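My plan is to look things up one at a time and jot down what I find.

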Amino acid sequence: MARFLIKRLLSATLTLFAISVVSFLMFFALPRDPVTGMCPKNCNPERLERVREELGLRDPKIEQYVAYMKGIVVGRDLGSAQGGRCDAPCLGYSYVNSEAVTDTLARVLPVTLSIVIPAAILWLALGVGLGVISALKRGTWVDRLAIGFSLTGASLQLYFTGAVLLIVFVYQLKILPTPHYTSIFDDPVDWAKGLVLAWVALAFLFSAIYARLARAQMLETLSEDFVRTARAKGLAKKKVYGRHALRAAMTPLVTIAGLDVGAALGGTVITETTFGIQGLGRTAVYAVRGGDLPMIMATVLIAAVFVVLANVVVDLLYAAIDPRVRLR
């Protein structure tokens, strides 16, 4: 198992390295000059050139990349124009916000994590549970109700369900406050009240998808020979369905769940925009609009880390569910 984990971590490291190179080079193709956003309108060409020198934008691209990656590991000196010394992990200095990128991320990352992680728990529990029950009650009214729920949830977009939830629970019934973020360590109740609508909107969308997938996988697994053998041996239904059928049906769901959670953590733009919450997604959008290269690089790398780590976790879960995976 240790060898399997080391191989996956090395693969993840190489993937992140490749993403960092491509994203770093790609964002230098942006037509907007970041220096013009830092300097007042009355800046003369000499002042603009001096700022470019202070930012290191005149250095060769490879030197800028090496300095950037070195800063992540050991920190670096950004100069007086960028706040001086930047301790590791240094992701640069925002051209727009005039603060260290890590300070901005420290504010917005907890917001995104607070939205996605509880929502993922909800959609996995509801979706997989509903799909399994639907498969076990195939052809009954429970099955038809579950299919109707999954079709409805998969058809409605997040910005629509989010708007409906806001109108009903915030503006009409007034039983919930306007969505906002409060640290769970400061006030757990207000934390939940401020984000519950975002959780419900995400969970409704994804649980509908997982209900259909879980139902299909469970029906396929129940027709397998090993399930029929387990029944023929006289095992209790709970053991047949839980220990044998459900475990086999979970394998493809684990893959999809890992990718969905990783992608949701790295790209919550629609959710945050719908509910007016400032997290990683909206920060990335503002960075692109403002040509804020250090912030763009940081958000891209953070999103990549989420997706790559999600894949590593999926591989580990695969190995736990199916030991044959460890031999690959």
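**Entry 1: salt bridges.** Before looking, I wrote down my rule: a salt bridge is a side-chain nitrogen of Lys or Arg within 4 Å of a carboxyl oxygen of Asp or Glu. I also noted that this is a predicted model. I then counted by that rule and got two salt bridges.

I looked at D143 and R215 and found their closest N and O atoms 2.7 Å apart, which makes the pair a salt bridge under the 4 Å limit. D143 lies in helix α6 (residues 141–155) and R215 in helix α8, so this pair ties together parts that are 72 residues apart in sequence. I checked the cover on D143 as well: its relative accessibility is 4%, so D143 counts as buried.

The other pair I looked up is E99 with R107, whose side chains meet at 2.9 Å, N to O. E99 is buried, at 18% relative accessible area. R107 counts as partly exposed, at 47%.

**Entry 2: the whole chain.** I stepped back for an overview. I found 13 helices and two strands in the protein. Of its 328 residues, 41% count as buried. The protein exposes about 17,700 Å², and carbon and sulfur atoms supply 65% of that area. I also asked how far along the sequence the contacts reach: among those between residues at least 6 apart, 65% join residues at least 24 apart.

**Entry 3: the UniProt record.** I turned to the unreviewed UniProt entry, which lists residues 9–30, 111–133, 145–171, 191–211, 245–265 and 295–321 under "transmembrane region". I compared two of these ranges with the model. Residues 111–133 are 100% helix, with the end C-alpha atoms 33 Å apart. Residues 245–265 are also 100% helix, and there the end C-alpha atoms are 30 Å apart.

**Entry 4: the nonpolar core.** Which residues have the most contacts inside the largest nonpolar core? I noted L105, I115, W123, M218, F275 and L280, in a core of 59 residues. Several helices supply at least two residues each, among them α4 (61–74), α5 (101–136), α10 (237–266) and α13 (293–321). Helix α8 gives the most, with 15 residues.

**Entry 5: around L222.** L222 lies in helix α8. It is buried, with a relative accessible area of 14%. What does L222 touch, not counting residues up to four places away in sequence? My list reads L136, V227, R231, Y241 and A245. I followed up on A245: it is 23 residues from L222 along the chain, and their C-alpha atoms are separated by 6.1 Å.

**Entry 6: a patch on the surface.** Last, I looked at the outside. Y159, F160, V164, I167, V168, Y171, L173, I175, V269 and I270 form a nonpolar patch there, with about 940 Å² of accessible area together. Helices α7 and α11 (269–275) each supply at least two of its residues. The largest share, six residues, comes from α7. V168 is found in α7, and at 31% relative accessibility V168 counts as partly exposed.

Definitions and conventions. Residues numbered from 1 in each chain as written. Predicted model: local features only at pLDDT ≥ 70, side-chain atom pairs only at ≥ 80, totals over all residues. Heavy atoms only, no water. UniProt positions renumbered as here; feature names shortened; annotations may be inferred. Helix = DSSP H or I, 4+ residues; strand = E, 2+ residues; numbered from the N terminus. Core = buried A, V, L, I, M, F, W, Y, C linked by side-chain atoms within 4.5 Å. Buried < 20%, exposed > 50% of the residue type's maximum accessible area, 1.4 Å probe, protein only. Patch = residues over 30% accessible without salt bridge, like charges linked within 9 Å, V, L, I, M, F, W, Y side chains within 5 Å. Areas by Shrake-Rupley, 256 points an atom, 1.4 Å probe, with all protein chains shown as cover. Contact = heavy atoms within 4.5 Å.
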